[in-house]
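Have the viewer open as you read.

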Amino acid sequence: MSKTVKIRMYNVGFGDSFLITLPDGPLILIDAGFHSRGKGEFSGDELVEQIIKDVKSITGAEDAHIDVVICTHRHADHLFAFNSSLWDQVSVGEVWLPWVEDRKNEKAVRLWKKQASFAMNLATALSSFQLNAADRESVEFMLWNAGVELPGMAAAGGWSNAKALDCLHEGFAYRRRTKPRFLPATRTFPESFSCPDLPDVVIHVLGPPRDPELIEELDPEADGETYRALAMRAAASGEAVADMSALAAFGPEWQVREDEGGAEDLLTRNEKKWLENLATGADALLAATHVDNMINSTSLVLVIEVGKARLLFPGDAEWGTWKRILADDDARALLHNATFLKVGHHGSHNATPKTLVEEVLPEGIPAMISTQEGPGNYRNNIPLPDLVTALEEHDMRHVRSDQLPERLPRGFRKGDDGKWIELSIPC
Ligand SMILES: [Zn+2]
């Protein structure tokens with residue numbers, strides 16, 4: 001009998017959670033999250049309950065064991081359910097995170113410090129912006145998702161992205177490999193490796209960029225003008241928060257000390273004037289989107305090679321990451337042999353480059369879109385109709401989690417009243 005790999009997409013709404021069953025039994029979980037305003041079938045605990053139930057039924061074991069747990073990036077819609085205490089019942093082989101989550105890596109710490117400072121300046125200046133209710137809600141959500149504890153945004157039960165990350169760093173009933181594996185581990189691009197928990201599998205890491213200069217491009221402070229404009233606007237808003245640490249969900253070690261900033265002192269009067277003008281004109285929505293994109297750009301982009309199957313899981317990687325991937329012959333060759341696509345970022349406009357669909361991926365491969373169409377600026381135009389059309393034009397049979405047709409395309413089946421959809425592909 002020919003071997004198959006199974007990819008189960010949980011209908012989490014706007015978010016990602018995929019359970020992969022390899023032909024000889026090992027299990028990989030990629031993400032477990034959802035967006036608070038685009039919920040699907042599950043609450044956080046319910047999603048974990050479902051995963052535990054499924055893992056036990058697939059393995060036939062009394063205790064739930066997942067060989068590799070992967071979190072692509074630190075956004076709620078990818079990790080929120082890792083807040084659940086039910087993970088204490090689950091043992092794991094390894095946990096994989098993007099290298100920027102390595103708390104011992106100085107470059108990673110510096111990146112998050114700058115990002116937090118940018119986000120907090122924006123949060124502080126928020127009251128000085130004339131925003132309509134929908135825009136304000138979008139900005140607030142993006143800031144909260146970036147780790148800023150805005151008043152009124154606290155989730156029930158003290159759940160937060162920071163707490164979910166703690167579970168990924170230290171949680172679970174047992175971990176064969178104590179520390180997470182931070183990827184890519186080297187500057188080799190693409191990086192390929194195998195691990196003892198997944199025999200006969202080769203993992204290819206295409207993102208996030210390991211090169212500090214490339215990460216710099218994704219860093220909000222790289223746009224120094226908006227950064228300083230927001231800082232000035234925050235200072236002038238009169239509502240400056242006396243203790244910035246009150247806003248910060250990620251603790252004092254992630255904040256920029258006063259002596260680390262202070263570029264304003266070095267400015268001439270003309271420069272200050274110019275910055276003040278920029279501050280008045282600064283666009284809160286644009287600045288918040290910048291923070292959001294930067295976090296998406298830290299997404300793991302993986303090709304999981306199992307026999308002849310090549311599963312492409314790009315997280316929410318955006319254009320900056322793709323540009324580099326598409327410019328590299330080895331990376332392109334890997335994608336050219338892909339046999340499955342997890343559509344990036346719930347089908348947004350800049351997470352699936354045209355070249356990828358039109359020129360690089362083979363025609364006719366299956367795809368999954370984990371998404372939730374609905375109101376709200378954050379989800380505007382998601383999934384993008386042009387993208388869905390492009391998939392159709394390239395014979396890429398696909399399902400989206402929020403619209404299950406009566407008859408699923410070949411290879412797909414749904415289970416537990418549509419709580420998940422599973423694709424079997426030969427490997
Ligand atoms: Zn996402």
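In what order do the 7 strands of the open sheet stand? The order is E8-E9-E10-E11-E12-E13-E14, and the pairing is mixed. Please keep in mind throughout that this is a predicted model.

**The sheet and its edges**

Strand E8 (191-193) and strand E14 (398-400) stand at the edges of the sheet. Each of these two has a single partner strand, so one side of each is left without a neighbour in the sheet. Averaged over the sheet, and with direction ignored, neighbouring strands are turned by 15° against each other.

**A look at E11**

Is E11 enclosed or open? 5 of its 5 residues are buried, so E11 is largely enclosed by the rest of the structure. Ala-309, Leu-311 and Phe-313 point one way from the strand, while Arg-310 and Leu-312 point the other way, and all are buried. With strand E10 (residues 301-306), E11 pairs in the antiparallel sense over 5 bridges. Within this pair, Ile-304 stands opposite Leu-311, and Leu-302 stands opposite Phe-313. E10 and E11 form a hairpin with 2 residues between them. In the turn, Gly-307 has a positive phi of about 55°.

With strand E12 (residues 340-342), E11 pairs in the parallel sense over 2 bridges. Here the bridge partner of Leu-311 is Phe-340.

Now for the helices. The table sets out two pairs whose axes approach and cross.

| Helix pair | Axes come within | Crossing angle |
|---|---|---|
| H3 (residues 106-125) and H7 (residues 224-236) | 8 Å | roughly 40° |
| H4 (residues 133-145) and H9 (residues 284-296) | 9 Å | roughly 30° |

How are H3 and H7 set to each other, oblique or roughly parallel? Their axes cross at roughly 40°, and H3 and H7 are therefore oblique to each other. The crossing of these two helices is left-handed. On the H3 side, the contact is made by Phe-118, Asn-121, Leu-122, Thr-124 and Ala-125. H7 contributes Tyr-227, Leu-230, Ala-231, Arg-233 and Ala-234. By class, this contact of H3 with H7 has 7 nonpolar, 2 polar and 1 charged residues.

For H4 and H9, the crossing angle is roughly 30°. Angles under 35 degrees count as roughly parallel, and H4 and H9 are therefore described as roughly parallel to each other. H4 passes H9 in a left-handed crossing. Asp-135, Ser-138, Val-139, Met-142, Leu-143 and Asn-145 are the H4 residues in the contact. They meet Ala-284, Leu-285, Ala-288, Thr-289, Val-291 and Asp-292 in H9. The residues of this contact divide into 7 nonpolar, 3 polar and 2 charged.

**The protein as a whole**

Stepping back, the protein has 13 helices and 16 strands. Of its 427 residues, 49% are buried. Among contacts between residues at least 6 apart in sequence, 75% join residues at least 24 apart.

Terms used: Residues numbered from 1 in each chain as written. Predicted model: local features only at pLDDT ≥ 70, side-chain atom pairs only at ≥ 80, totals over all residues. Axes fitted to C-alpha atoms, helices over the stretch in contact; angles between N-to-C directions. Helix = DSSP H or I, 4+ residues; strand = E, 2+ residues; numbered from the N terminus. Parallel < 35°, antiparallel > 145°, perpendicular 65-115°, else oblique. Left-handed = near helix turned anticlockwise from the far one by under 90°. Contact = placed C-beta atoms within 7 Å. Nonpolar A, V, L, I, M, F, W, Y, C, P; charged D, E, K, R; others polar. Buried ≥ 20, exposed ≤ 12 C-beta atoms within 10 Å, placed from the backbone. Pairing = 2+ DSSP bridges.
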